[in-house]
Every structure is written in structure tokens, then in C-alpha cells.
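Here is a friendly walk through one model, from its ring pairs to its sheet and its charged side chains. Have the structure open as you read.

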Amino acid sequence: MKGLIDKLYGTSSLDRDEYIELINGHSEDDSKYLFSLAVKRREEHYGNKVYVRGLIEFTNYCKNDCFYCGIRRSNKAAERYRLTHEDIMICCEEGYKLGFRTFVLQGGEDPYFTDDKICAIVNDIKTHYPDCAVTLSIGEKEHKSYRAYFDAGADRYLLRHETASSEHYKKMHPSEMLHSHRIECLYDLKSIGYQVGCGFMVGSPYQTVENLADELIFLKGFMPHMVGIGPFISQHDTPFAHEKSGTLDQTLFMLGLIRLTLPKVLLPSTTALGTIHPLGREKGMLAGANVVMPNLSPVSVRKKYLLYDNKICTGDEAAECKNCLAMRMKSIGCEVVTDRGDSKVL
Ligand code: SAH
């Protein structure tokens, strides 16, 4: 397998069968080799710098019903909350003091937050913190809405496509949700001028090795600025409550492959990865990741944004999360920096 990994390192791409062979047949030694080259590649472009994003989970109301997600509309056990405009500004104020220069507003698809409300929030953040980037992660919208948020000052948009296969997508979503629309949204966001993040879950129900290879082919074609991946983790009040969760090894291997396939991409080591293993996020960095996204949401709502079970850091203040992550990164020779951390992908 080392030959294939060398080839990927040299050319930044493999064909589908080669990806399948690697994902299917790699040994522990192959993984180590992949990670060493992935870290080398990350260091060429980003050194030992780790970018931080302050994640503000501002609503867990959602009109969608994704089978895997704990805040799906049919989950009557979810305790719903919304942050106010002022709450969000307080999160940013605290985050700014802690050195965050990117704020990510993430939430369910909550009709309460009309375009006007979102634009007002984005505008307020950009007015108070002109040196910061604002990322939105609020799902599928129409062109007009994406345009309005961009004009209000939003810099980036994060919309995981969840899977590159429409058949696989159908097995994880109700029929009213269309894979084609989600993908159209991604292209739309890019054409408007956002720095765009897509992504998928590793080990989600019904996912095959072929699907994972297709993820890499999709990424190569789409050329996102950012790729968010993490293991699928079952949530006890969803239709997938009893499905197996994704593994640490598979997720790390995919991170390594993504780093070599898209050398300059921004690649977070996600909270889900930290949830399935106590050192998951450190291991993610050592597989090629270069971003972490500590939580800036008020502690009072943290335990309510439960997309999956056993989510970490739900009791910690923002400052604790930031310090803890800074220490964790230092322990592996990485340095958390105060920087907008824009993508080097053109
Ligand atoms: N509503 C927004 C934000 C979704 S939450 C949107 O549609 O983009 C962010 C991500 O969490 C999702 O895109 C999904 O990939 C991930 N997620 C949801 N449920 C999960 C689970 N059970 N395990 C792991 N990741 C999950």
C-alpha cells in the first residue's frame, strides 16, 4: 500500500479503485505512513499552526428530520432553545477576548431565524469585530438568502453534504430532503463567493468503502476550502439509535487521505472525534488536521445541542475549552493562533 500512498502524496489524487484499495486494505503501518506524509503536507502549508473557530450553537429547533441527528424535528425528547441576538453578541464578546477571530453560527434549520434576523446578527458581529470572519452553518437555503447573508458580511458557509451518493443520502434522510438540492447549495455558495466547507460522517449507517472512495472523488471535483468530517455517533432518540458508530481508525485514515488529496484545505479535528476517543482531537491533528472548533455557546444551553450521545465539553465554560484545547495542541507540538485562519485554497 505504501506505493499508493506515495502516489497520492506525489500527485494529490488517486482513482476510485486505488482509493478503495487503500481504504479497504491498509495495515496499521500503512496508516502510520499515511499520517506522517499528511502531517508533512500540512506543515508545508500551515506550519504547526492550529486555527480556532468559536462555535456558537444558537438554536436547536430544526424543521428537518435527518435519521441520524438528535435535534431532528421528530425528537420530542429534545429540549429546544434559541439564543437571542444579544446572547450571541455576548458569546462573541467573550470569544474575542479569548483570541477567537472566527465565529461560527451553527444551528438547526429554524424558521424563526428569518433572513432579516440572520443578516442583522451577521452585520452586528462584523460591525463590532471587523477583523473577524463569520461562518454560517444553518443548512439549505435558496440563492436569495445566501446572497443576503453574504452581502450582510458573512465570509464562510459550512454545509456538510453528508454523503456524495444520492442513494446513500436517501437511506439517511426522509424523502422530502433531496441530495441534489444540498449539492446545488454548495455550488451556489461557492459561486456567490463564500469560502465553503462541505463534509460527511465516517461510518454512517449503510456507508460502504465505495462511498468513502466517492467522497474523495467528490472533494477533488468540488475543491472546498474546508472539509468537516467526524465519526457518526448514534443518538438514543433517533431512528439510528442502535446503529454502530464510526471508528477512530477509519476517521483518522480519511483525514489523512483528505490532507493528501486537498493539500491546502482547512481540516478540523472535530468534537465528534474527541467524543469517541479521549485523545481523538490530538490524533486528528497528527493525521493531518489543522483546525479546532471549541464551543462558545453559553453553558446553560450546551447540553441541549446534542446531535449525538456523550458529546464532550458540554459542562465547560468557553475559556476552559479554549485553554484545554491550547494545552492539548501544545502537547503534540502544535500552536493555537489568534488569526482569522483563511483558507489557502484559491
Ligand atoms: N443544520 C445545519 C447544521 C447541522 S449540524 C446543516 O444542515 O448544515 C452539523 C453536522 O453534525 C451535520 O452536518 C452532521 O454531519 C453532523 N451530525 C449530525 N448528527 C450526527 C451524529 N449522530 N453523529 C455524528 N455527526 C452528526
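## Aromatic pairs

The count of aromatic pairs comes to 13, where rings of Phe, Tyr and Trp (its six-membered ring) pair if their centres lie within 6.5 Å, and planes under 30 degrees apart count as stacked, over 60 as edge-to-face and the rest as tilted. Please keep in mind that this is a predicted model, in which local features need pLDDT of at least 70, side-chain atom pairs count only at pLDDT 80 or more, and totals for chains, interfaces and linings use all residues. Residues are numbered from 1 along each chain as its sequence is written, and side-chain values use heavy atoms, with hydrogens and water left out.

Take Tyr46 and Tyr51: their ring centres are 5.8 Å apart and their planes stand at 90°, so this pair is edge-to-face. Tyr46 is buried at 4% relative accessible area, and Tyr51 is buried at 5%; buried means under 20% relative accessible area, exposed over 50%, and partly exposed in between (1.4 Å probe, protein chains only).

Tyr157 and Tyr194 also form an edge-to-face pair, with 5.8 Å from centre to centre and 80° between the planes. Tyr157 sits in strand 5 (residues 156-158) and Tyr194 in the loop between helix 8 (179-192) and strand 6, so the pair links distant parts of the chain, 37 residues apart; helices (H or I, at least four residues) and strands (E, at least two) are DSSP runs, numbered from the N terminus. Both Tyr157 and Tyr194 are buried. Elsewhere, ring pairs join Phe67, Tyr206, Phe232 and Phe240 into a cluster.

## The sheet and its helices

An open sheet is built from 6 strands in the order 2-3-4-5-6-7, with parallel pairing; two strands pair if DSSP finds at least two bridges between them. Strand 2 (54-59) and strand 7 (226-231) are at the edges, each with a single partner strand, so one side of each has no neighbour in the sheet. Within the sheet, strand 3 (residues 102-107) and strand 4 (residues 133-137) pair over 5 bridges in the parallel sense, and Val104 stands opposite Thr135 in strand 4.

Helix 9 (residues 209-222) lies across strand 6 (195-202) and strand 7, running at about 175° to strand 6. Helix 10 (residues 248-261) packs on the sheet too, touching strand 6 and strand 7, and its direction makes about 165° with that of strand 7. Axes here are lines fitted to C-alpha atoms, for helices over the stretch in contact, and angles run from 0 to 180 degrees between N-to-C directions; contact means heavy atoms within 4.5 Å.

## Charged side chains

The model has 20 salt bridges, each a side-chain nitrogen of Lys or Arg within 4 Å of a carboxyl oxygen of Asp or Glu. Three of them are listed here.

| Salt bridge | N to O distance |
|---|---|
| Lys7 and Glu18 | 2.7 Å |
| Asp65 and Arg73 | 3.9 Å |
| Arg328 and Glu282 | 2.9 Å |

Arg328 lies in helix 14 (residues 318-331) and Glu282 in helix 12 (residues 280-285), so their pair ties together parts 46 residues apart in sequence. Arg328 is partly exposed at 23% relative accessibility, whereas Glu282 is buried at 5%. Salt bridges that share partners also join Lys126, Asp155, Arg156, Arg340 and Asp342 into one network.
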